[in-house]
Amino acid sequence: MKTYKLAIVGATGLVGRTVLKVLEEKNLPNFEYTMFCSKKSAGQELTLLGKKYITQELTHSSFDEKFDFAIFSAGGDVSKEFAPIAASKGCIVIDNSNAFRMDKDVPLVVPEVNPEKIKENKGIIANPNCSTIQAVVALKPLHDAYKIRRIVYSTYQAVSGAGIKGLEDLENGSKGLLPTKFPHPIYNNCLPHIDVFMDDGYTKEEHKMINETRKILNCPDLKITATTVRVPVQNCHSEVINIEFENEFELQNVFDLFKNFPGIVLVDDVKNNEYPLATNSDGHDEVFVGRIRRDYSVQNGLNIWVVADNLRKGAASNAIQIMEKMI
């Protein structure tokens, strides 16, 4: 049986450590691991499956030893510089940053939604934005059945989506300390501001959700709008998705679609106050869907509530699922 060599770039960061946690759980057979990080973090000791690894500084010669795969979780600038080098050495890069997501030559993949795109890679595969991943998993069975005409996203995104400094801002804010990551205290606040503001008044995060959804669903003209909000929750993003369809639907059929779609857990028993929660989604790879109901303000309208672990399904687990599909 072939032995696969996997490079983990950004191994000491929040997503990188989640990659290690997911790999620990999966215990993939016949894998060898190498941990790369910045010069500042080089020399740290990490443990995976009982073996200790010393992190190495990422350099232009790091991929000379011929890796099969590399999972990049070190930010867009690192990916732009080093992912093409890795790919040129025959390594398949699965990139968690936004560096290549909208590149027409780079597939943007969620395995439950468009696994066929994996084979189109030219050495680099992009992992979508965390908030987009969980949304399109929920949208895929609906789009296949009823054809989506329009989407309205409203997100409630955890501070872990902003990395370790985001988590620190929430914790420090509870002690009355000023933020260092966010422009305002996140403790006791909801900030309608994720990433930078663009000239049209939307944030870059909102543009990501709009453009990535269109690319993944292969609907370049799909009408979508988004408002993304950072909320004082440690982990797991929650989303309200309002959908208008081309075709009529029966509500029970929608429930059945979600029950039978891989990667989705249906939690919708409002009589017993059961619906997806961040605390129940934390540590899981599935996308949780509930609060399913008609939108009576438009023809063929639907509202759903979607929650997922943004560090796992929104980043680390999705990347590893892509690699598993290739194997």
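Asp285 is partly exposed, with a relative accessible area of 24%; "partly exposed" sits between buried (under 20%) and exposed (over 50%), judged with a 1.4 Å probe and protein chains only. The model is a predicted one, so local features need pLDDT of at least 70 and side-chain atom pairs pLDDT 80 or more, while totals for chains, interfaces and linings use all residues. Residues are numbered from 1 along each chain as its sequence is written, and side-chain values use heavy atoms, with hydrogens and water left out.

Asp285 pairs up with Arg312 in a salt bridge, the closest N and O atoms being 2.8 Å apart. A salt bridge here is a side-chain nitrogen of Lys or Arg within 4 Å of a carboxyl oxygen of Asp or Glu. The two partners are 27 residues apart, with Asp285 in the loop between α7 and β13 (287-295) and Arg312 in helix α8. Helices (H or I, at least four residues) and strands (E, at least two) are DSSP runs, numbered from the N terminus.

Across the whole structure, a search turns up 18 salt bridges. One of them brings together Asp68 and Lys2 (3.2 Å, N to O). Asp68 lies in the loop between β5 (56-57) and β6 (69-72) and Lys2 in the segment before β1 (4-9), so this pair ties together parts 66 residues apart in sequence. Another joins Lys89 to Asp64, with 3.0 Å between the closest N and O atoms. This pair also links distant parts of the chain, 25 residues apart: Lys89 is in the loop between α2 and β7 (92-95), Asp64 in the loop between β5 and β6. Lys89 is partly exposed at 30%, and Asp64 is partly exposed at 41%.

Then there is the largest pocket, with about 1400 Å³ of space. A pocket is an open set of points on a 1 Å grid over the protein atoms alone, where a 1.4 Å probe fits, with protein on both sides within 12 Å along at least five of seven lines; lining residues have an atom within 4 Å of a point. The volume is the space filled by probe spheres set on the points, which are joined across faces, edges and corners. Of the 50 lining residues, Ala74, Gly75, Gly161, Ala162 and Gly163 are the closest to the centre. Elements giving two or more residues to the lining include α1 (14-26) and α8 (312-326).
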